[in-house]
Amino acid sequence: AKIEDIAPQEEEVNARYLDCQKRGQDIKRGMEDAKNARATLQKAQQRLTASRRKLSELEESASKDNVAEMDAISGRLKRYSANSIACLENAASEHGALMKCVRIQTGIKMSQGAVSTSARKAADALEDKKAETAQMEQHYAQLVEEFKASRKLLTDLSKKAQEIAPIKDPDTGEELPLLATLNALSNELHEIDALMEEAMAKVNSITENPEVLVRYEQRKEEIKQVKEELENLEGAKEAKRTQMTSMMQNWETALNNCVEKVNGLFSQYMVELGCAGEVRLRKGQGEGENFFNFKDWGVQILVKFREKSSLQVLSAQVQSGGERSVSTIMYLMALQDLMVSPFRCVDEINQGLDDRNERLVFKRIVANSTAPSQDPSVPNKHSGQYFLITPKLLPNLTDMENEHVTILCILNGPHNFKDYRDWNVDKFLHQRKRVGSNEEGEESQPSPGSSSRKKQRVKE
């Protein structure tokens, strides 16, 4: 029997043993109750004897007393007798129960002995099974170690076989004919041993060919040199990777700082327009070799033009043309604050904007291009000149009044001046005054034809 089969029997024996103990305690209490009943019976018998003796005495003196007193005494004696008889009957019943309990207790003690013997045998069997289990566990651990050693040996042999006779082309990854040959072999050990013996016999029967051995040694030396070159290339590769990682950390830190500055300015400009914006650096998601694939890196522009919407990436599928134009202009303004240039030139940057956004954009361009230098002692700390080329501008632009804003109107066509020296403002003003005075004179002296026409209209 196994330990699992003996354990329930042991539990059953223990339960029976506890049950017997409990029944023995109940019988013991019953015996004590019977002893108390026996003592009560003896006392009742003594009282009965005393009552009988008293009854005899009363009968002797009954002849001397009157009839009424004899009747009263006789009634009391009858009650005493009835009580004594009831006590005797109870005592007899308790005595019978006591004897029954004694018999039961005797049987329990006999059963307890048998249960103790069974429990002892079960405990001995349990110890034997525990010893047997320990031996089996030790044997199992030994088998596990042997299995691990065999598996390691199999792995080593598999690697060695792969090196000697690969089943796949290392360059293309295509399966070689050797794989089909191996799959066609049997899985039975004795058949494999027979095939190995046959192969060894074929190898031993091959005649030595010096030329083949020379080619083999040459190929072996070439493989060794290629492996050494590969190891050197791997070392150089790791060194370059370490160098790139170090350079990338500095570059990424500087790039993050630039993006944070652009983001701060872009967010400020978008808030002034009543919108929201953010500039983020999108990094590549690859690891290892793909981590340095910078084509996946980029700058993301996120904008929000409505109060209940959330920040979304700027794209033609989400924002309108005007919204994209405003976002692009504000992003360019934020970038230009980080770069110093002698002058900047933009062409028709205000096209496609509504009146409100065009005024706000023009205001931002004027503010950025006319900002005073933060440090006059540094030559490169200036905003530079800004040329805004556009076919039209909105009327009544308040920022036109800035003293640093100059308006240049380009005139072109067949009636333009042939020489720049023909441009004479004073001459233009003089001609304008003369034309104006002539127009006033003509108005003050009406022609005869006009007066006759007026008279004719009055008659009509």
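The model is predicted, so local features need pLDDT of at least 70 and side-chain atom pairs pLDDT 80 or more, whereas totals for chains, interfaces and linings use all residues. Residues are numbered from 1 along each chain as its sequence is written, and side-chain values use heavy atoms, with hydrogens and water left out.

Colleague: How much space lies in the largest cavity?

Modeller: A cavity is a set of points on a 1 Å grid over the protein atoms alone where a 1.4 Å probe fits but cannot get out. Volume is the space filled by probe spheres set on points joined across faces, edges and corners. A search of the whole structure finds one cavity of 30 Å³ or more. The space in the largest cavity is about 50 Å³.

Colleague: Which element gives the largest share of the lining of the largest cavity?

Modeller: Lining residues have an atom within 4 Å of a point, and among them are Glu 358, Val 361 and Phe 362. Helices are DSSP runs of H or I, at least four residues, numbered from the N terminus. The largest share, four residues, comes from α7.

Colleague: Which side chain of opposite charge is nearest to Glu 358?

Modeller: Glu 358 lies in helix α7, residues 355–369, and is buried (under 20% relative accessible area, 1.4 Å probe, protein chains only). Glu 358 has no salt bridge (a side-chain nitrogen of Lys or Arg within 4 Å of a carboxyl oxygen of Asp or Glu). At 4.5 Å, the nearest side chain of opposite charge is Lys 392.

Conventions: Helix = DSSP H or I, 4+ residues; strand = E, 2+ residues; numbered from the N terminus. Buried < 20%, exposed > 50% of the residue type's maximum accessible area, 1.4 Å probe, protein only. Lys, Arg positive; Asp, Glu negative; His and termini not counted. 1 Å grid on protein atoms, 1.4 Å probe; cavity = no way out; pocket = protein on both sides within 12 Å on 5 of 7 lines; lining within 4 Å.
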